[in-house]
2 protein chains.
Amino acid sequence: MRKLLVLLTLLPLLQACQTSDAEHNASDPPAPTKNLAQYVNPMIGTSRMGHTFPGATAPFGMVQLSPQTNFEPYLENGTYNPLTYEYCAGYQHKDSTIIGFSHTNFSGTGHADLGDFLVMPTVGPLVLEPLKTHEGSKGFYSTFSHDRETAAPGYYRVALDTYGITAELTATERVGFHQYTFPRSSDAHILLDLVYNVYHHDHKNVWTFVRVENDSLVTGYRQTHGWARTRMVFFAMQFSKPFTSYGHEKYDTMTYNGFYRRFNETENFPEMAGHNLRAYFNFDTEEDEKIKLKFALSSVSTEGALKNLAAEIPHWDFEKTRQATTDQWNRELAKVEAETITDSGMTTFYTALYHTMLSPILYEDVDGRYRGLDQNIHTSDDFTNYTVFSLWDTYRALHPLFNLLHPSRNNDMIKSMLAHHDQSVHHMLPIWSHYANENWCMIGYHATSVIADAVAKQVGDFDKAHALEAAVNTAHVPYFDGLGDYMQYQYVPEDKSHSSVSKTLELAYDDWCIAQLAKAVGDPEVEKEFSQRATYFHHVYDPSIGYMRPKLANGQFRADFDPLDTYGQGFIEGNSWNYGLYVPHQIDTMIAMMGGKERFSQHLDSLFTMELDDKYIEHNEDITRDGIIGNYVHGNEPSHHVVYLYNWAGQPHKTQARVRMIMDAMYGPTVEGLGGNDDAGQMSAWYIFSSLGFYPVTPGSSDYALGSPLVKRAVLHLENGKTLTITAQNQSQENVYVNRVLVNGQPWDDFRISHADLMQGGEIIFEMSNQPTPR
Amino acid sequence: MRKLLVLLTLLPLLQACQTSDAEHNASDPPAPTKNLAQYVNPMIGTSRMGHTFPGATAPFGMVQLSPQTNFEPYLENGTYNPLTYEYCAGYQHKDSTIIGFSHTNFSGTGHADLGDFLVMPTVGPLVLEPLKTHEGSKGFYSTFSHDRETAAPGYYRVALDTYGITAELTATERVGFHQYTFPRSSDAHILLDLVYNVYHHDHKNVWTFVRVENDSLVTGYRQTHGWARTRMVFFAMQFSKPFTSYGHEKYDTMTYNGFYRRFNETENFPEMAGHNLRAYFNFDTEEDEKIKLKFALSSVSTEGALKNLAAEIPHWDFEKTRQATTDQWNRELAKVEAETITDSGMTTFYTALYHTMLSPILYEDVDGRYRGLDQNIHTSDDFTNYTVFSLWDTYRALHPLFNLLHPSRNNDMIKSMLAHHDQSVHHMLPIWSHYANENWCMIGYHATSVIADAVAKQVGDFDKAHALEAAVNTAHVPYFDGLGDYMQYQYVPEDKSHSSVSKTLELAYDDWCIAQLAKAVGDPEVEKEFSQRATYFHHVYDPSIGYMRPKLANGQFRADFDPLDTYGQGFIEGNSWNYGLYVPHQIDTMIAMMGGKERFSQHLDSLFTMELDDKYIEHNEDITRDGIIGNYVHGNEPSHHVVYLYNWAGQPHKTQARVRMIMDAMYGPTVEGLGGNDDAGQMSAWYIFSSLGFYPVTPGSSDYALGSPLVKRAVLHLENGKTLTITAQNQSQENVYVNRVLVNGQPWDDFRISHADLMQGGEIIFEMSNQPTPR
């Protein structure tokens with residue numbers, strides 16, 4: 001009770017912080033009193049397939065400044081290194097060498113891009129190649145040890161043992177701040193490697209351009225062609241101390257160099273441009289001398305980067321910036337004040353919460369200008385623009401979590417998606433978009449779900465009629481990935497398009513979302529059209545075998561079929577057994593279709609208990625044995641709602657037990673603590689919801705399904721000023737069953753609870769037990 | 001006398017036009033009454049080394065839309081085709097095939113770039129390669145005949161015989177207008193070739209990007225790395241009729257294509273991007289159906305191109321645009337109303353005048369925004385921005401001609417140069433700049449001359465103190481092409497830098513210009529510094545042999561020396577015999593240094609009369625026997641002032657006879673009518689001045705030297721409202737000598753006349769004879 005009082009007295013302060021968050025203005029607000037950042041370990045997920053990064057960033061910041069460890073994208077024989085996939089975030093915990101610090105990184109994605117502007121301090125003879133020089137000697141990489149490495153929200157430090165340099169990093173939203181403590185040297189360097197890209201060291205660059213504005217300021221840009229078709233990032237880089245000299249080397253595949261140049265342009269010549277180049281800046285250093293570096297990004301221009309630099313870090317006080325960013329994290333993390341069963345549970349919980357705030361990222365300059373999908377420069381007059389929308393992943397739990405914890409940001413994200421639509425030559429909402437590019441990754445058009453979910457939960461002030469128009473436009477583009485066939489056949493024929501069943505199921509769900517949106521806007525015609533399309537999942541269900549199954553254009557189900565195989569069976573990142581449970585919008589219908597509650601429960605049971613043959617696993621680069629439970633693959637998103645489906649089958653205790661089992665098995669406080677790619681925060685958002693005891697099984701509706709909380713207690717400070725307390729009475733590792741739920745003192749019999757119920761604040765009490773409630 | 005009256009009554013109209021010119025606003029002003037455009041033949045100089053283009057453009061227009069004829073940049077064996085140099089402007093009159101129409105071209109330059117956005121209409125099976133398909137069959141080129149080809153100011157027409165298509169082109173300043181008359185076809189195409197570049201068909205592209213906005217509007221950009229290091233041009237392309245389908249093919253050297261794409265992106269998919277791509281748009285056409293195409297450019301963005309398109313041609317009336325541009329040309333050409341000795345002389349004269357208005361070109365959008373040298377977007381708040389500054393050529397006569405005929409434009413050009421300085425990381429005025437890039441071509445920093453000349457002639461309202469600062473900054477950049485050594489040694493040592501004598505001479509002259517500027521601004525310290533530097537030419541004169549001669553860092557003249565050789569003797573585009581006469585700012589001193597007037601005259605005589613050995617000519621790609629007179633090489637600019645030097649030696653009759661000889665030998669009304677590269681209008685500007693009877697031997701002073709006019713009469717309508725009439729009495733082919741000059745009725749004994757004398761208007765009478773004035 002004493003703790004509750006403390007929390008109540010904190011409320012005004014926390015509200016103040018939330019206001020600050022809503023305005024995205026962090027200029028010296030009062031420091032938060034709780035140090036929740038201490039529980040965050042950014043190293044979690046940096047091993048194997050988590051694909052997270054340990055570097056320094058502000059919440060939702062554009063700059064994500066992180067070490068890049070040594071890997072060879074190509075093997076000695078010139079073939080592609082199959083380990084490359086591990087390096088989506090540039091860092092693998094097993095490595096012992098670092099090649100530098102890059103300013104952009106994805107968190108937890110299943111494909112890579114970025115790694116822009118690799119900076120590396122060195123001493124001794126100048127070496128410009130990261131891994132190995134052309135002569136075969138050692139590259140500029142340094143060895144390092146995790147013993148002399150620290151990662152925290154907004155701060156990263158590592159000892160670069162090869163050079164005796166300590167590197168420290170922090171960041172504001174648009175500016176990275178480096179602090180390098182050098183040994184005494186008359187031969188110290190800071191390298192700017194514009195060749196390096198995550199995945200492909202030298203295959204993605206379209207163009208790079210560098211201007212040495214004066215003896216301590218450098219600007220430029222890089223343009224790449226990778227996952228993003230045409231990506232431009234501009235920078236401004238300011239040193240705390242003038243360099244004594246500088247230069248660059250080109251590694252160009254474009255040999256034509258225009259008219260002959262008559263004077264030396266490689267040393268102390270302030271303009272550099274080319275396909276692939278690396279620049280260096282030379283210094284004399286005293287023992288323990290700190291050279292600092294501020295590195296601002298912009299999507300617009302070097303002028304924009306300079307504005308960002310001046311606005312966000314107008315000083316050279318590294319500690320001040322570090323503290324401000326730590327404070328910013330503490331304010332964000334304090335939106336949920338949790339107590340967990342174990343101490344390490346705090347780490348797992350707050351690291352997951354941290355991981356939900358690494359994407360989408362801010363994507364505009366301090367003056368509101370940003371590069372649009374049409375490559376023109378736009379101004380976000382009435383919103384804040386975001387990018388990195390991994391929507392096939394994040395519509396499930398991440399955006400719903402934003403509706404709970406960051407509704408203002410989610411409103412801005414939806415406005416960003418609408419701007420994307422307005423700038424799209426296809427007149428489409430984003431599918432998977434980053435840095436003013438649509439990369440078309442994965443299937444469906446799940447921005448419609450994010451929008452419908454916000455509407456259902458009354459989040460935001462975006463133009464709903466325009467949002468409906470954008471959704472309808474999106475859902476009518478005939479050349480988009482099976483959509484034309486889907487509209488024609490009422491399912492995606494497998495002989496026309498791969499992953500046909502997955503596409504049919506997801507489009508049907510997305511169409512249901514559009515129908516919900518049309519209903520909210522009051523457009524009965526559109527509502528009717530899309531309510532109809534929402535039923536198309538029926539057409540890929542084969543009642544003769546009781547599975548979703550690929551169907552051909554001639555109306556016949558495909559003969560050759562294995563419901564356990566992930567490849568070539570009409571599914572993507574799943575098989576019929578698990579992905580076939582994807583009808584989140586008409587669950588009761590699905591259960592009836594599949595033979596009723598009893599049979600459906602058996603199907604779910606088999607999912608968790610079967611012994612999956614090795615042949616179904618060995619070729620899946622995402623999944624290891626650790627990442628699956630039976631045929632339940634938590635590392636791939638199509639399963640994320642599945643454990644909650646027991647509720648609909650009348651067996652909530654199985655949801656309760658198994659959700660706790662999944663949390664236990666798939667998450668942990670170690671570097672291996674993610675059972676698969678974090679997928680831009682979706683895996684972590686699943687954990688946060690599940691830890692709190694409820695989950696958005698059907699985004700686009702306002703309902704959550706109840707599970708089994710993992711926290712002992714959590715106080716949610718909502719943006720509307722209300723406080724929601726979740727209390728798990730009699731909570732323990734073993735007490736995974738919920739015998740009774742009380743909402744504000746009243747027993748709660750439904751397994752659903754609505755967003756409105758949560759937003760009114762108050763207390764939800766879960767009465768925990770090691771036995772299910774007697775039925 | 002009747003003619004003079006007519007001219008006087010025209011005056012108010014012409015003044016109105018000049019006002020319009022000054023404002024760069026050509027929205028439907030009254031049509032000019034004189035058709036001077038009829039005398040212009042844009043074909044002049046399109047053969048051999050003139051390097052002019054025959055296409056359609058507005059005066060100083062950004063769009064220069066011209067046919068590109070068929071040439072192979074690489075020979076069958078893969079080596080570079082030595083004929084490439086002929087194709088600087090994309091067109092050679094000898095060719096019989098056309099591969100399309102490009103929107104940017106240089107006029108008369110000695111190196112190439114541009115050729116952006118090649119458009120070609122075809123019928124029949126789709127062919128996407130210009131010369132030869134990958135299978136070895138015929139490319140999309142068409143044969144054509146000069147019999148069915150018309151070129152006029154602002155208009156070009158050609159019959160594309162292969163396809164039975166008539167192509168017509170016109171242009172406003174920022175928009176090209178195509179009109180294609182097709183045969184009946186169900187298989188008609190308009191190709192947009194983004195691979196083609198002048199010189200290097202497929203080696204310059206950095207990136208290309210295309211968006212099909214709807215069924216008749218396409219936008220995009222191209223980024224190249226050629227003479228310009230990093231050049232971006234954006235476009236918007238509107239068809240008068242919707243295409244039925246479209247697509248593209250890529251010819252990429254970048255193989256990485258990001259994530260796998262899951263649907264067809266080559267046909268009817270509205271986004272295209274890549275290193276090298278060609279797009280096509282398909283149509284059905286009726287017999288004689290016209291498909292029109294408006295093609296706008298911008299340096300800023302596709303948004304900028306769309307604005308330019310809407311502002312400049314808001315209709316589909318091809319004839320209206322053609323007429324408006326013809327009117328614009330007639331207004332510009334009418335600034336000099338000339339009568340020549342022969343009819344064909346009118347063609348030579350007005351074509352030369354036309355060629356002086358093809359560069360520099362306008363370089364900003366209708367809203368004043370343009371890409372700066374720093375690659376940021378700037379707005380020309382108080383001026384009009386220009387680019388294409390071939391200053392080593394054009395400071396001599398072209399910019400001085402602008403001071404006479406287009407002072408408002410020259411003022412804008414100087415402001416453009418100052419903006420260039422302000423955006424330059426080197427803090428330098430332009431050397432040879434185009435499209436927001438410095439290409440560093442040739443030597444010296446002659447923007448200083450252009451500025452000093454304007455100041456001396458009281459042209460413009462640019463900030464003179466800032467101009468001086470910019471000039472001084474430029475003259476102090478130590479790493480610039482020999483400048484550091486020049487400052488240290490007081491000459492450029494030949495063992496430190498090639499073309500050392502040329503550099504020393506030109507820097508000394510440029511420094512004199514800076515001194516003049518400092519004097520005008522009132523900065524005695526700078527004046528003193530640069531007056532001192534202006535004398536450095538002394539240090540490369542070897543009195544023991546009477547020639548300018550390369551000197552080594554040790555102070556010794558180089559032993560090995562041939563004053564007639566153009567290569568490796570310390571000169572560029574000249575030899576000691578002719579280039580050694582380059583002390584335009586201290587001619588009397590030079591004459592004294594070289595042994596006095598008599599010996600100097602003999603040197604000049606030898607120049608024009610010697611028999612130059614073949615060995616001095618054969619390796620010079622610029623010069624043929626036709627382009628030289630003795631050792632006088634008119635095709636290279638360092639000789640341009642030389643013929644006027646006889647005046648200073650007391651032998652003006654030799655200036656008179658030989659300037660007429662040069663005009664006769666080096667210019668003519670045929671396609672071979674230029675004895676060398678027109679060099680962005682410098683050759684033509686020399687002709688205009690010389691035809692009028694005077695020449696700016698020393699830009700930076702207000703003086704002209706008199707020569708021998710070629711016109712019978714010329715009326716100059718000056719921007720100040722005054723009229724200057726030049727009358728050559730008793731003019732004929734043979735009467736090349738000027739026996740007497742009368743300025744407003746008063747005998748004029750000086751061989752010099754000042755700009756102020758000209759600008760007050762009135763009449764200059766040259767009394768011509770076939771005999772020199774008795775001495």
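This is a predicted model: local features need pLDDT of at least 70, side-chain atom pairs count only at pLDDT 80 or more; totals for chains, interfaces and linings use all residues.
Six strands of chain A form an open sheet in the order 18-32-33-37-34-35, and the pairing is mixed. Strand 18, residues 336-340, and strand 35, residues 746-747, stand at the edges of this sheet; each has a single partner strand, so one side of each is left without a neighbour.

Within strand 35 of chain A, the residue opposite Leu742(A) is Pro747(A).

Strand 7 of chain A, residues 155-160, and strand 8 of chain A, residues 165-171, run antiparallel and are joined by five bridges. Arg157(A) has Glu168(A), in strand 8 of chain A, as its bridge partner.

Which helices lie across strands of chain A?

Next, a helix pair in chain A. Helix 4, residues 343-355, and helix 17, residues 682-692, of chain A pack with their axes 8 Å apart, at an angle of about 130 degrees. With angles of 65 to 115 degrees counted as roughly perpendicular and those over 145 as roughly antiparallel, helix 4 and helix 17 of chain A are therefore oblique to each other. Their crossing is left-handed. On the side of helix 4 of chain A, the contact is made by Phe349(A), Ala352(A), Leu353(A) and His355(A); on the side of helix 17 of chain A, by Ser684(A), Tyr687(A), Ile688(A) and Ser691(A). By class, this contact has five nonpolar, three polar and no charged residues.

Helix 17 of chain A is mostly covered, as 11 of its 11 residues are buried. Among these buried residues are Trp686(A), Phe689(A) and Leu692(A). Gly693(A), which follows helix 17 of chain A, has a positive phi near 100 degrees.

Let me move to chain B and to helix 8, residues 447-456. Why is helix 8 of chain B described as largely enclosed by the rest of the structure? The reason is that 10 of its 10 residues are buried. They include Val450(B), Ile451(B), Asp453(B) and Val455(B). The buried residues of helix 8 of chain B pack against helices 5, 6, 7, 9 and 11 of chain B. Helix 8 of chain B is followed by Gln458(B), with a positive phi near 55 degrees.

Strand 6, residues 149-152, and strand 7, residues 155-160, of chain B run antiparallel and are joined by four bridges. Glu149(B) stands opposite Val158(B), in strand 7 of chain B. The hairpin has two residues between the strands, and Gly154(B) takes a positive phi near 80 degrees in it.

His203(B) belongs to the loop between strand 10, residues 185-193, and strand 11, residues 205-214, of chain B. Because 18 other C-beta atoms lie within 10 Å, His203(B) is partly exposed. Its C-alpha atom is separated by 8.4 Å from that of Gly226(B), 23 residues apart along the chain.

Finally, the contact between the chains. In this interface, 43 residues of chain B are in contact with 43 residues of chain A. On the side of chain B, strand 11, strand 15 and helix 2 each supply at least two residues. Strand 11 of chain B gives the largest share of that side, six residues. The residues of chain B that touch chain A divide into 18 nonpolar, 15 polar and 10 charged.

Conventions:
Residues are numbered from 1 along each chain as its sequence is written. Chains are lettered from A and ligands numbered from 1 in the order in which they are written. Two strands pair if DSSP finds at least two bridges between them. A residue is buried if 20 or more other C-beta atoms lie within 10 Å of its own, exposed if 12 or fewer, and partly exposed in between; C-beta atoms are placed from the backbone. Axes are lines fitted to C-alpha atoms, for helices over the stretch in contact, and angles run from 0 to 180 degrees between N-to-C directions. Angles under 35 degrees count as roughly parallel, over 145 as roughly antiparallel, 65 to 115 as roughly perpendicular and the rest as oblique. A crossing is left-handed if the near helix is turned anticlockwise from the far one by less than a right angle, and right-handed if clockwise. Two residues are in contact if their C-beta atoms, placed from the backbone, lie within 7 Å. Ala, Val, Leu, Ile, Met, Phe, Trp, Tyr, Cys and Pro count as nonpolar, Asp, Glu, Lys and Arg as charged, and the others, Gly among them, as polar.
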